[in-house]
Amino acid sequence: MSQCSQKTQLQQLGEHLLKSLQPVIKTNNIDAWQESGTLIINGEDRGENGYQVAKWKHTGVIVIENFPHRRIAAYSLLAMVAAFLIDHDNERDIYQLNDPEIDIDEISSDNATVIIDVELIDNIELIPDVNGPVFFNNARYKVNSAPINIAENVDVTVQQQN
C-alpha cells in the first residue's frame with residue numbers, strides 16, 4: 001500500500017502503543033506485520049467517483065522486545081490495546097473479529113517479549129487518479145479514502161391527507 005495515504009489500523013495501533021510507551025520503549029523495539037488475510041469484495045459506490053472495493057480482514061501481529069515488565073504493568077499494556085480498539089474499531093462486532101491474543105514471555109528478570117495477535121479490518125477505497133495503478137470501471141484510480149459528503153441541511157415537505 002505504498003501509494004496509499006491512509007494508515008492501516010495496524011499502523012495506527014503500533015503508533016498508539018509506541019506513543020503510550022515512550023520513552024521506555026523505542027521505535028526499534030516494536031515490529032508489526034499482517035498475516036492470514038481475507039479480501040472481502042464489495043464494490044460499494046461512495047459517491048464523488050470514490051469506491052470501497054473491498055475490506056481487508058487480517059491478523060495484525062505486533063512484537064514488543066525488551067518490554068520492561070517491572071517498570072510498566074502488563075495490565076497497562078492490555079488496557080492500551082483495549083482502549084485503542086474501543087475508540088477506533090467500530091466494526092469489530094459486525095465482522096465478528098476475535099479479541100486480541102497476547103503472549104508475554106519473560107526473557108530476564110527485567111525484560112519480556114510481548115506478542116500481540118489482533119484481528120483487524122481495513123477499508124480499501126479508490127479515488128480517481130489519471131496516473132493511478134488500479135484500473136477499475138474503465139478508469140484509473142489510486143488507493144485512498146473516498147470522500148463522503150454528509151448532508152448539512154434537509155428539506156422536508158409534509159402533506160396532509162384528508
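Is F136 buried, partly exposed or exposed? With a relative accessibility of 23%, F136 counts as partly exposed. Here buried means under 20% relative accessible area, exposed means over 50%, and partly exposed lies in between, using a 1.4 Å probe and protein chains only.

Before we go on, please note that this is a predicted model, in which local features need pLDDT of at least 70 and side-chain atom pairs count only at pLDDT 80 or more, while totals for chains, interfaces and linings use all residues. Residues are numbered from 1 along each chain as its sequence is written, and side-chain values use heavy atoms, with hydrogens and water left out.

**The aromatic rings**

A pair of aromatic rings is described by the distance of the centres and the angle of the planes. Rings of Phe, Tyr and Trp (its six-membered ring) pair if their centres lie within 6.5 Å; planes under 30 degrees apart count as stacked, over 60 as edge-to-face and the rest as tilted. The structure holds 3 aromatic pairs, and two of them are shown here:

| Pair | Centre distance | Plane angle | Type |
|---|---|---|---|
| Y51 and F136 | 5.1 Å | 75° | edge-to-face |
| F136 and Y141 | 5.9 Å | 70° | edge-to-face |

Ring pairs link Y51, F136 and Y141 into a cluster.

Strands (E, at least two residues) are DSSP runs, numbered from the N terminus. Two strands pair if DSSP finds at least two bridges between them. Strand 1 (residues 30–47) runs antiparallel to strand 2, joined by 13 bridges; within this pairing, D31 has V63 as its bridge partner. The two strands form a hairpin with 2 residues between them, and E48 in the turn has a positive phi of about 55°. Strand 2 also pairs with strand 4 (residues 112–128), again antiparallel, over 14 bridges, and there Q52 stands opposite E125.

**A patch on the surface**

V154, V156 and V158 make a nonpolar surface patch of about 350 Å². V158 lies in the segment after strand 6 (139–143), and at 71% relative accessibility V158 counts as exposed.

Terms used: Patch = residues over 30% accessible without salt bridge, like charges linked within 9 Å, V, L, I, M, F, W, Y side chains within 5 Å. Areas by Shrake-Rupley, 256 points an atom, 1.4 Å probe, with all protein chains shown as cover. Salt bridge = Lys/Arg side-chain N within 4 Å of Asp/Glu carboxyl O. Helix = DSSP H or I, 4+ residues; strand = E, 2+ residues; numbered from the N terminus.
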